[in-house]
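I opened this notebook to record what I looked up in the structure. The entries follow the order in which I worked.

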Amino acid sequence: DLLGRALDLLRKGREVRATQVLDDPLDDGHDHVADELHRIAERDLVREAREGVVVHDDDAVRLPPQVLETRLFEDAVDPRISVVGVGGAGGKMVSALYDRDLKGVDTVAVNTDPAGLSKSQADVKVLLPHSDGDDPIGAARTSAESYEAQLRESVSSDIVFVVAGLGGGAGTGAAPVVARAARANGAVTIGIAILPFEVEGRTATAQAGLEDLRREADSVIIV
């Protein structure tokens with residue numbers, strides 16, 4: 001629920017700030033002006049745009065300051081957000097977010113277990129290929145690495161949250177690889193690590209997985 005509320009606020013930030021900048025609604029006469037501003041791609045034209053002049057195809061168009069500030073802000077902050085649940089615990093959290101139908105947030109479930117993946121609800125489901133081995137964590141890591149190119153296609157957002165329970169197989173082994181794939185796409189990558197209770201006897205394994213996730217993510221939130 002906390003993650004869902006945070007994502008809600010992040011998505012609403014654009015509308016709140018745009019409202020603060022624009023005191024009066026635009027009239028229909030500014031539509032062509034806003035379209036012209038949208039075509040600005042070269043970085044050296046930003047200064048002219050902020051001063052109220054947009055140069056395009058050798059034509060100078062003077063824009064009202066309200067249009068400039070509002071349109072520039074809207075184009076600058078419209079992040080694409082993905083929440084990726086890895087393994088069983090991650091899949092449950094992604095399913096909860098999927099049920100909330102958050103606008104502008106894509107959900108992705110990743111698992112090595114077909115049965116576990118079928119129970120997850122998400123916009124995109126990624127079944128990692130089977131990898132043999134006595135070590136379930138190592139097998140999950142190998143499986144994710146062999147599928148890393150496909151993972152990059154599934155996590156091509158601007159901000160990516162990687163959620164995983166640590167101490168088991170899929171989450172511990174595959175989550176760092178998913179985070180690495182997201183960062184390789186240039187995404188701001190936040191890991192959300194769900195640690196086991198000490199009585200479960202998996203603390204050492206979870207801590208090792210946490211260090212792996214920290215190396216691949218920009219930051220990690222521990223639950």
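**Entry 1**

I looked up Thr107 and found a relative accessibility of 2%, so Thr107 counts as buried (buried means under 20% relative accessible area, exposed over 50%, partly exposed in between, with a 1.4 Å probe and protein chains only). I noted that this is a predicted model, in which local features need pLDDT of at least 70 and side-chain atom pairs count only at pLDDT 80 or more, while totals for chains, interfaces and linings use all residues. Residues are numbered from 1 along each chain as its sequence is written, and side-chain values use heavy atoms, with hydrogens and water left out.

Thr107 lies in strand E4 (helices, H or I with at least four residues, and strands, E with at least two, are DSSP runs numbered from the N terminus). Strand E4 covers residues 105–111, and six of its seven residues are buried.

Which residues does Thr107 touch, not counting residues up to four places away in sequence? I listed Val83, Val94, Leu97, Tyr98, Ala122, Asp123 and Val124 (contact means heavy atoms within 4.5 Å).

**Entry 2: The neighbours of E4**

I then followed the pairing of strands (two strands pair if DSSP finds at least two bridges between them). Strand E3 (residues 81–86) runs parallel to E4 and is joined to it by six bridges. Val83 has Thr107 as its bridge partner in E4. With helix H5 (residues 87–100), E3 and E4 make a right-handed β-α-β unit (right-handed means that, with the strands pointing away from the viewer, the path from the first strand over the helix to the second runs clockwise).

E4 also pairs with strand E5 (residues 124–127), in the parallel sense and over four bridges. Here I found Val110 opposite Val126 in E5. The chain passes from E4 through helix H6 (residues 114–119) to E5, and this β-α-β crossover is right-handed.

**Entry 3: Helix packing**

I recorded an angle and a distance, since two packed helices are described by the angle between their axes and the distance between the axes. The axes of helix H7 (residues 136–146) and helix H9 (residues 170–184) come within 7 Å and cross at roughly 30° (axes are lines fitted to C-alpha atoms, for helices over the stretch in contact, and angles run from 0 to 180 degrees between N-to-C directions). H7 and H9 are therefore roughly parallel to each other (angles under 35 degrees count as roughly parallel, over 145 as roughly antiparallel, 65 to 115 as roughly perpendicular and the rest as oblique).
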